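Reader: Please show me the model. Then let us go through its inner spaces and aromatic contacts.

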Amino acid sequence: MRLFAFWRSTIGKKIVMAVTGLIFVGFVIAHLSGNLLVFRGPDKINEYSEFLRSLGALLWVARGVLLVSVILHATAAYQLAARARAARPIGYHEHEPQVSTFAARTIRWGGTLILLFVVLHLLHFTTGTLQPVPYQARDVYANVVGAFRIWWVSALYIVAMIALGLHLYHGTWSSLRTLGLVKMGADPLKHTVAAALALLVWLGFTLVPVGILLGIVR
């Protein structure tokens, strides 16, 4: 009953969003480190893929944690947004943000775009359901290079990474603030660590399709 009451409370939902958000941050960093192996050639990234498969049950536990985190994060976000709308059913006649960033104001739309991208990404690179190029289950390098040679596949990926960077910028700082790990500074719009993390993640993921389109990765 205490757990249920915690979940029903606004602060409880915010804490759930913060914790699951930080889980995603950890996953994104780990995923990026694996993706960048494409610059070291087919052997390295394919060996990394085989290593993940060798984890067996541990890999499925990690996937389960991520799936539960996605469900909790999305549900809490939707319910908090519904509560905010209910608290003010009639919007402001004029609204000029004073202390908020573009990332903060677009966080919900960005989250929806990222969720759609994750589904497409899994159908493309994990299950092989979507095949812009022939899918090879044991050759990650060929799948990545072949797909990103198609300009519109790279374009969709790059747009999604912009959304991811913006989401990380606001979400990381907001999660740490909710959990009491950071304090509001003199400049409420200056989130240096979150900005650096978002920039590095965006740049790292974007380098992969751009490198392939430019022929750096063949």
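**Cavity, pocket, core and rings**

Author: The largest cavity is lined by His124, Phe125, Leu130, Gln131, Val133, Pro134, Tyr135 and Asn143. This is a predicted model, where local features need pLDDT of at least 70, side-chain atom pairs count only at pLDDT 80 or more, and totals for chains, interfaces and linings use all residues. Residues are numbered from 1 along each chain as its sequence is written, and side-chain values use heavy atoms, with hydrogens and water left out.

Reader: How much space lies in the largest cavity?

Author: On a 1 Å grid over the protein atoms alone, a cavity is a set of points where a 1.4 Å probe fits but cannot get out, while a pocket is an open set with protein on both sides within 12 Å along at least five of seven lines; lining residues have an atom within 4 Å of a point. Points join across faces, edges and corners, and a volume is the space filled by probe spheres set on them. The count comes to one cavity of 30 Å³ or more. The space in the largest cavity is about 40 Å³.

Reader: Which helix gives the largest share of the lining of the second largest pocket?

Author: This pocket holds about 350 Å³ of space. Of its 16 lining residues, the closest to the centre are Phe117, Leu120, Val153, Leu156 and Tyr157. Helix H6 (107-126) and helix H8 (151-178) each supply at least two lining residues; helices are DSSP runs (H or I, at least four residues), numbered from the N terminus. The largest share, seven residues, comes from H6.

Reader: Are the rings of phenylalanine 117 and tyrosine 157 stacked or edge-to-face?

Author: Rings of Phe, Tyr and Trp (its six-membered ring) pair if their centres lie within 6.5 Å; planes under 30 degrees apart count as stacked, over 60 as edge-to-face and the rest as tilted. The whole structure has three aromatic pairs. Here the centres are 5.6 Å apart and the planes stand at 70 degrees, so phenylalanine 117 and tyrosine 157 are edge-to-face.
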